[in-house]
Amino acid sequence: MTTTRRLQLAATAVVAVLAVLPFAVAGRISLGIFVFIGLFSLIVIGLSLLAGHAGQVSLGQAAFYGLGAYIAAITTLRMGLAPWLALPLAVGGAALAAYLLGAPIFVLRGHFLVLGTLGLNVVMDVLVRNVQHLTGGPTGLTGIPPLSIGALVIVGDRAYYYLTWSFVLAALWVGRNLVCSRVGRALAAVRSSEVAAAAVGINAAFYKSRVFALSGALAGLAGALYVHYLSFVSPSPFAFNFSIDLLVMSVLGGIYHLPGAVAGAAIVTILREALRTIMPRVLGSGASAEYEIVVFGLLLAVVVIFSPAGVWPHLLAWLRLEPGRSSRWTQAASLAGMLPESPPPSPRAEPASVLRLEGLRKQFGGLLAVDNLSFEVPAGEIYAIIGPNGAGKTTVFNLISGLLRPTRGAVYLRGRKVSDLPAYETAALGVGRTFQTPKVFADLTVLENVMVGLHRLTTTSFTAAMFGLGAREDAQAAARAAGYLEVVGLLDRADVLAGALPFGALRLLEVARALAIRPVLLLLDEPASGLSSAERTEVVKLIRHIRDTGTTVVLVEHDVGLVMETADRVLVLNYGQRIAEGAPRLVRNDPRVIAAYLGEEAAS
Amino acid sequence: MTLTQQIAQFLASGIINGTIYALLGLGLVAIHSATRVVNVAQGEFAALGALLASTLVTRGMPLSLAAAVAVGVAAAVGGGVYRTAIRPARDAGPLTLLIITIALHLSLKGLLLLVWGTDPHSLRPFTAGPPLRIAAAVVTRQSLWVIAVTTVVLVVLYVFFTRTILGKSLRACAVNPTAARLMGIRVERMSALAWMIAGALGGLAGVLIAPLTLATYDMGLILGLKGFVGAVIAGMASYPWTVAACILFGVVESLGAGLISSNYRDGIAFGVLIAALLWRALAALRGGLIISEEAAQE
Amino acid sequence: MRRLWVIGALLVLVGAPPSVAQQSVIKVGVVVDVTGGASSLGVPERNTVLLYQDELGEVPGPNGPVRVQYVATDGESDPTKAVIAAKRLIDEDRVVAVVCCTTSPASLAVIQTLQTNRVPNVSLAAAVTIIEPVDQRRWIFKTPQTDRLMIDVITDHMRRRGIRSVAWLGFDDAFGQGGLVEFEKLAAQKGIDIAAKESFARASTDVSTQVTRAMGRNPQAFLIWAIPPGANVAQRNIRDLGITLPVYQSHGVANKTFLDLGGASVDGTILPSGKILIAELLPDTDTQKSALLGYIERYEGRYGKGTRNTFGGHALDAMLILKPAIERTLRQGIRPENTGGFRTVLRDQIERGTKELVGITGIFNYTPTDHLGLDLRAAVMIEVRNGTWTPAR
C-alpha cells in the first residue's frame with residue numbers, strides 16, 4: 001500500500017471514529033471534553049498556521065477567543081440578533097481586530113507581535129471587566145440563546161460536538177489549502193529568508209497580517225461557539241494564562257503540521273483531565289492544578305528542546321504514515337519542454353539606460369561604505385563591479401535592490417526612482433538578484449523555489465488560496481518554473497529539497513529563481529565563487545544567454561578572468577569610491593586599479 | 001487630600017513601582033544582550049526571592065542574611081536554568097528560545113506552588129517605623145529601601161561593566177559573540193553569568209517588594225511583563241535607558257490610573273505598550289525601511 | 001499496518017459498552033477551586049469535605065445503609081474548567097447532585113449544564129444571580145449569605161456609627177462587582193453617600209493610587225470588598241499612607257490568612273461574618289452555638305488553631321443539606337440506579353424538606369421561591385482586635 005493510500009485510509013478512519021465517538025463514549029467519558037478539544041483545536045490551528053507557517057508567535061489568542069465570545073453574546077443578548085447572524089459577526093470582528101493590530105506590527109521585523117498581542121490580551125481583559133453595561137463586567141452574562149437555524153435549535157453536548165468538529169475539519173481543509181498554495185509557498189519563503197523573499201517581490205508583512213487575521217477569525221469562531229454552547233460568558237476564560245495554554249497545545253502537537261494542532265489540544269486537555277482524575281487519588285488532596293503547571297511546564301520544555309516539531313511527526317512515524325517528499329508538481333513540470341519558452345522581456349520603447357545611480361552614498365555609523373557613486377548601465381549590457389574586499393560592492397547591490405536605504409543620492413530603474421521603495425516593490429519592478437551566500441528556501445523543493453520566483457506574476461489571492469482555487473494557476477506556474485530550471489540545467493532535480501543541493505547547484509537555483517521574476521535587470525553577486533571550473537564555464541554561458549534574451553546584467557565578481565570574458569564594461573570600486581570605469585581591457589591596465597589590487601608599489 | 005498632594009502621591013508610587021520594574025527590566029536586558037533570549041520567566045526569580053526570604057525570616061534567620069541567601073539562590077537558579085534549558089537549545093531560533101522560557105515560567109511557577117502553596121507570605125519591612133512625609137507625598141520606609149538599593153545596584157553594575165575585565169568581556173559578548181570568542185572570551189560562561197545576574201536582580205526585586213506587597217507563587221508574571229515593557233521601550237539594550245524607561249512607565253501607569261481611572265490601570269499600561277509599538281511601526285513605514293540593516297547583513 | 005490494528009483495538013476498548021454500573025454507592029460531585037485566584041476559599045472547602053466525608057458518607061436506605069461518596073475535583077478558579085469538571089461528574093460519575101462552585105462566575109457558568117441535565121446543585125458562591133430569577137434556577141441552591149445580606153448589616157453598622165460618606169475599594173472581578181451593585185442600592189436607601197468607587201485587581205501588589213484618589217473625596221470610612229491577599233494589600237496601603245479612617249471589609253476576609261498577613265495593619269477592621277469567627281462568645285441560648293463549636297473543634301484540631309473560616313462552613317452546610325435530602329429520597333423508594341429520577345426527587349426534597357436546618361452559615365429554610373434560605377440571623381458584625389476576632393461594638 002502506498003503512503004498516500006495509507007494516509008487516505010487513516011484520514012477516513014479518523015473521520016469515522018469522530019463520527020461514532022459520541023455513541024461510543026456515552027456514559028463513560030463526558031462528551032463535553034471532546035467539545036472543548038474541538039473548540040481549542042480551532043484556535044490552535046490558527047496559532048499553528050501563524051507560528052509554523054508565518055513564523056510569528058501570538059500571546060493573545062485568548063483575546064480573540066474572548067472577542068468572538070463577547071461579540072456573539074452581546075449581539076444576541078443585548079441587541080436581539082439571531083445567533084446564526086452573530087456567528088459571522090464574531091468571526092469577522094475577531095479577524096478585523098487581529099488585522100488592525102498585525103498589519104502595522106508586521107512592518108517591524110522580529111518578534112514584536114508577542115508584545116503587541118500580550119498587551120492586547122491585558123487591554124481586552126480590562127475593557128471587558130469595565131464596560132459593564134455591555135459585557136456584564138466580571139460576573140459576565142447569562143442566558144445567551146443557543147445557536148439556531150430556523151426551527152432547528154442546537155443544544156446539548158452532542159449537537160455542539162458535531163458542529164464544532166465540522167468546523168475543525170473545515171479549518172484543517174482551509175489550512176491545508178493555504179499551505180499548499182502560492183500563498184503557502186510565499187510564507188515558507190519568508191520563514192526561510194525574509195531577505196530572499198523580498199528579492200522576489202514578496203511583501204512579508206502583507207501575508208503575515210492575513211495569516212494573523214485568519215488565526216483571529218478561527219479564535220473568534222471558537223469563542224462564539226463557546227458562548228452558545230454554555231449560554232454564559234465571563235472574562236476569566238480569556239485571560240492571558242489561556243493564551244499560554246494555547247501556545248503549549250500548539251507546540252506540543254507540532255506547529256509545522258496542522259493536524260498537530262488537534263493532537264496538541266487533545267493531549268493537553270486529556271492529560272489535564274487525567275491528572276485531575278489521578279492526582280487526587282494518589283495524593284488525596286483534590287488539587288490538580290498544582291501538579292498540572294509543573295507537568296505542562298516540563299513537558300513543554302522537553303518537547304521544545306528535544307523535538308521542536310512536536311509530537312505529530314513522531315506519531316506519523318510510529319504509524320508509518322510519513323508522507324514521502326511531495327512530487328505533486330512533477331507532472332506539470334514534465335510539460336516544461338512542450339510549453340513555448342516564456343517570451344523575453346519585450347524590448348519596450350524605453351530609455352537607453354536601465355539603471356542609473358546618482359551620487360549614491362551609504363554610511364554605517366562611522367563607516368562610509370559607498371561614497372558619491374554614480375554610474376549608468378544601458379539596456380542589454382553586462383556590467384561588472386569589481387574591487388578588493390570591503391570595497392562596498394555588495395552594499396551597492398543592497399542599495400539597488402532596496403534592501404538598504406541610501407544615506408544620500410538615488411537609484412533609478414528605467415528612469416523611475418526606486419531607492420525609496422521597499423525591496424519587494426523594487427523586485428516587482430523587475431530587479432532580480434542573487435546573493436553572495438546563496439539564500440534558497442531550504443524547506444521547499446527546487447521547483448517550488450522557482451515557483452516562488454513567479455510570485456508576482458501569479459495572482460491567486462489569500463482568500464482564493466484558502467478554498468483551494470489556485471490549482472490551475474499552480475500547474476501553469478509549475479510548468480513555467482520547470483522551463484527556468486531547464487535553462488539552468490536543474491530540471492532533473494526539480495523534486496529535491498533545495499536544502500539538499502550541492503553548493504554549485506544552489507547558485508544556479510538562485511539564478512533560475514531570479515529569472516522567474518522576468519527581470520529587466522539582474523544583479524548577480526559573485527555568481528562563480530565556489531564553483532568548479534566546469535560549473536564556471538556553464539555560468540559564463542548562462543550569463544551570456546540571459547543577456548541575449550534581453551535582460552541587463554550587473555555582476556559583482558572576484559574572478560577577474562570571468563569578468564574579462566563576459567563584461568561589456570567594468571566599474572572598479574575601492575573604499576566605496578569609483579576608481580575606474582570602462583572596457584575590461586582598459587580598466588585592467590589602469591594604474592589606480594593595479595594599485596588598489598596589488599598595492600601602490602606594484603603600480604609604480 | 002488636595003490635587004497637588006494626590007499628584008505627589010501618584011508620582012511617588014509611580015517611581016517606586018517603576019524602580020521595581022527596573023530591577024526586572026535590567027535582568028531581562030542582561031539576558032537578552034548576552035543570549036538573545038527574551039526571558040518570560042524573569043518574574044519567577046522575583047517570586048522565588050520573595051518567598052524564600054519570607055520563609056527564612058519566619059524560621060528565625062536574620063533579615064539581612066535571609067535576603068542574601070534568597071538573592072544567592074535566585075542567582076543560582078538563573079545559572080542552573082541557563083545550563084539545563086537554554087544552553088542545549090542555544091542554536092535554535094528565537095521562537096524556540098522564547099517558548100522555552102515560557103516553559104520555564106510554567107515549571108518554576110509550578111515548583112513555587114508545590115513548595116509554598118497558594119497562601120501568600122509576608123515579610124517584615126527592613127526598618128520598622130511609621131511612613132515618612134516627603135514633600136507632599138507619604139512614603140514608607142521600605143520604599144526608600146527599594147530606591148536606595150536599586151541605586152546601589154546600578155552603581156555596582158556600572159562599575160562592573162566599565163571597570164572589570166569580566167564585565168567588559170560580558171559586554172563584548174553582547175556586541176559580537178563571534179569576535180568575543182576569537183578574542184578568547186568564553187562565551188558560554190559569560191552567558192551563564194548573564195543569567196545569574198538576571199536571577200540575582202530578580203531575586204533582589206522580590207526581597208525588596210515582599211514587605212510592601214506580599215509574596216505569592218504567582219506574583220512573578222505581571223512584574224516581569226511590566227519590566228519587559230520598560231526594557232522594550234528602551235530597545236532591550238541599554239541598562240541606564242531601561243531604568244529610565246521603567247520608571248517612566250511606572251509613573252505613566254500611576255498617573256494614568258490616578259488621574260483617569262484606576263479601573264483601567266493595566267489597560268492604560270499595556271495600551272501604552274501597543275501605542276509605542278504601532279508608533280515604531282508607522283515610523284518604520286514612513287522611513288520606508290522594510291529590511292533592517294542587520295537583516296541585510298544576514 | 002499492525003500499529004493501526006493496535007489503535008483500532010484501543011478504540012474498541014474505550015468504546016465498549018460500559019460495564020453495568022454497580023450503583024451501590026450514591027455519588028455527590030464537589031467542584032471547588034483548590035488552586036488559582038480563589039484557592040483561599042476553595043482550600044478550606046475541600047478540607048471540610050475531606051474532614052466530613054466519612055461521617056456524612058452513609059445514609060440509611062430501605063435495604064440497609066447506602067454509602068454516599070463525595071467526589072472532589074479542582075475547578076482551578078476558571079469557569080471553563082469548572083464546567084468541564086461538572087460535566088464529567090454528571091456524565092462519568094453519574095452523581096446525583098453537585099456542590100459547585102467556589103466563585104460566582106463559575107457557579108453562573110455551570111447553570112446551563114445543570115439545568116439541561118437536570119442535576120441539583122448547591123453553590124458555595126455569593127452572587128444572588130446564581131439563584132435568581134428562581135424560575136430559571138430550579139436546580140440551583142446556595143449556602144453562603146448573599147452580598148445583599150452582608151451589606152445590609154454593614155450599612156446598618158455604619159449608620160449607627162454616624163458614617164455618612166464611604167469610599168468603596170473593591171476587586172475588579174465578579175465578587176467586587178456583585179458587592180458594589182448591592183452597596184449602591186442599600187447605601188441609597190440608607191442615606192449613605194458613596195464618595196469614591198475604586199477598583200483593583202485580585203493580583204494587585206499596590207493599591208495606593210486608588211487609595212489616594214479616594215482620599216481626594218474626603219470619605220469618613222473605607223469599605224474594601226476583596227479577599228486576601230488583595231484585601232491585605234489595600235488595607236496596608238491605607239495605613240502606610242498614614243490614614244486612620246475606619247476600614248470596613250467584606251466577609252471575604254473572614255479567615256486566618258487575613259490576620260496572619262495583616263498583622264498590626266488590620267487591627268480595628270470591621271467586617272460582617274457568619275457567627276463562626278466568634279462562636280465561643282455567643283450566648284449559650286444561640287441555636288447554632290453547639291454546631292459551630294463542634295465544627296471548629298474538628299477543623300482546628302486537624303488544620304491548626306485559628307484556621308476556622310466561613311468558607312469551609314459553606315461546604316459543610318451543603319453536605320448537611322444534601323445528606324437528609326438523599327435519605328428522604330431513598331425513603332421514597334427511589335433507587336439510586338435510576339439516576340435521572342433520583343436527581344429529580346432529590347431536588348424536590350432539598351427545596352421542600354430543608355426546614356430550620358441548623359448549619360454553620362445560618363439556619364436554612366428553602367422554599368420554591370427562596371433558594372438562599374437564610375435571614376439576618378446569619379450575619380454578625382465583627383472587629384479585629386489584637387489579632388483576633390471580637391464582636392464589633
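**Entry 1: contacts within chain A**

I began with contacts in chain A, where a contact means heavy atoms within 4.5 Å. Among those between residues at least 6 apart in sequence, 76% join residues at least 24 apart. I kept in mind that this is a predicted model, where local features need pLDDT of at least 70 and side-chain atom pairs count only at pLDDT 80 or more, while totals for chains, interfaces and linings use all residues. For my bookkeeping, residues are numbered from 1 along each chain as its sequence is written, chains are lettered from A and ligands numbered from 1 in the order in which they are written, and side-chain values use heavy atoms, with hydrogens and water left out.

Next I looked up the elements of chain A and found 26 helices and 14 strands. Helices (H or I, at least four residues) and strands (E, at least two) are DSSP runs, numbered from the N terminus. Along the principal axes, the C-alpha atoms of chain A fill a box of roughly 95 × 55 × 50 Å.

How much of chain A is buried? Of its 604 residues, 60% are buried. I noted the cut-offs: buried is under 20% relative accessible area, exposed is over 50%, and partly exposed is in between (1.4 Å probe, protein chains only). Chain A exposes about 22,000 Å², and carbon and sulfur atoms supply 62% of that. Such areas come from the Shrake-Rupley method with a 1.4 Å probe; for residues, only the protein chains shown count as cover.

**Entry 2: where chain B meets chain A**

I turned to the interface of chains B and A. Here 49 residues of chain B are in contact with 54 residues of chain A. The buried area is about 4,500 Å², with carbon and sulfur atoms giving 79%. Buried area is the accessible area (1.4 Å probe) that two parts lose on being put together, summed over both.

I looked for salt bridges, each a side-chain nitrogen of Lys or Arg within 4 Å of a carboxyl oxygen of Asp or Glu, and the count between chain B and chain A is 0. There are 2 residue pairs in polar contact, both residues at pLDDT 80 or more. A polar contact is a pair of N or O atoms within 3.5 Å; within protein, one must be able to donate a hydrogen and the other to accept it, and residues adjacent in sequence count only if both atoms are side-chain atoms.

Which element gives the largest share of the side of chain B that touches chain A? I found that α4(B) does, with 16 residues. By class, this side of chain B has 32 nonpolar, 12 polar and 5 charged residues. Ala, Val, Leu, Ile, Met, Phe, Trp, Tyr, Cys and Pro count as nonpolar, Asp, Glu, Lys and Arg as charged, and the others, Gly among them, as polar.

**Entry 3: where chain B meets chain C**

For this interface I found 29 residues of chain B in contact with 28 residues of chain C. Chain B and chain C bury about 2,300 Å² between them, 55% of it on carbon and sulfur atoms. The rule finds 0 salt bridges here, and 4 residue pairs are in polar contact (both at pLDDT 80 or more). On chain B, the elements giving two or more residues to this side are α1 and α10 (239–260). The residues of that side divide into 13 nonpolar, 15 polar and 1 charged.

**Entry 4: Glu351(C)**

Is Glu351(C) buried or exposed? I count Glu351(C) as buried because its relative accessibility is 6%. Glu351(C) sits in helix α13 (residues 339–353) of chain C. Its side chain makes a polar contact with the side chain of Arg347(C), at 2.9 Å. Leaving out residues up to four places away in sequence, Glu351(C) touches Phe141(C), Tyr366(C), Thr367(C), Pro368(C) and His371(C).

**Entry 5: backbone angles**

Most residues other than glycine have a negative phi, and most peptide bonds are trans. With that in mind, I looked up some other cases.

- The bond from Cys100(C) to Cys101(C) is cis, with omega near 10°; Cys101(C) is in the loop between β4 (97–100) and α4 (104–109) of chain C.
- Glu132(C) and Pro133(C) are joined by a cis peptide bond with omega about -5°, and Pro133(C) is in the loop between β5 (121–123) and β6 (140–142) of chain C.
- Arg36(B) has a positive phi, near 60°; I found Arg36(B) in the loop between α1 (3–35) and α2 (42–58) of chain B.
- Glu356(C) has a positive phi, near 50°, and lies in the loop between α13 and β12 (357–358) of chain C.
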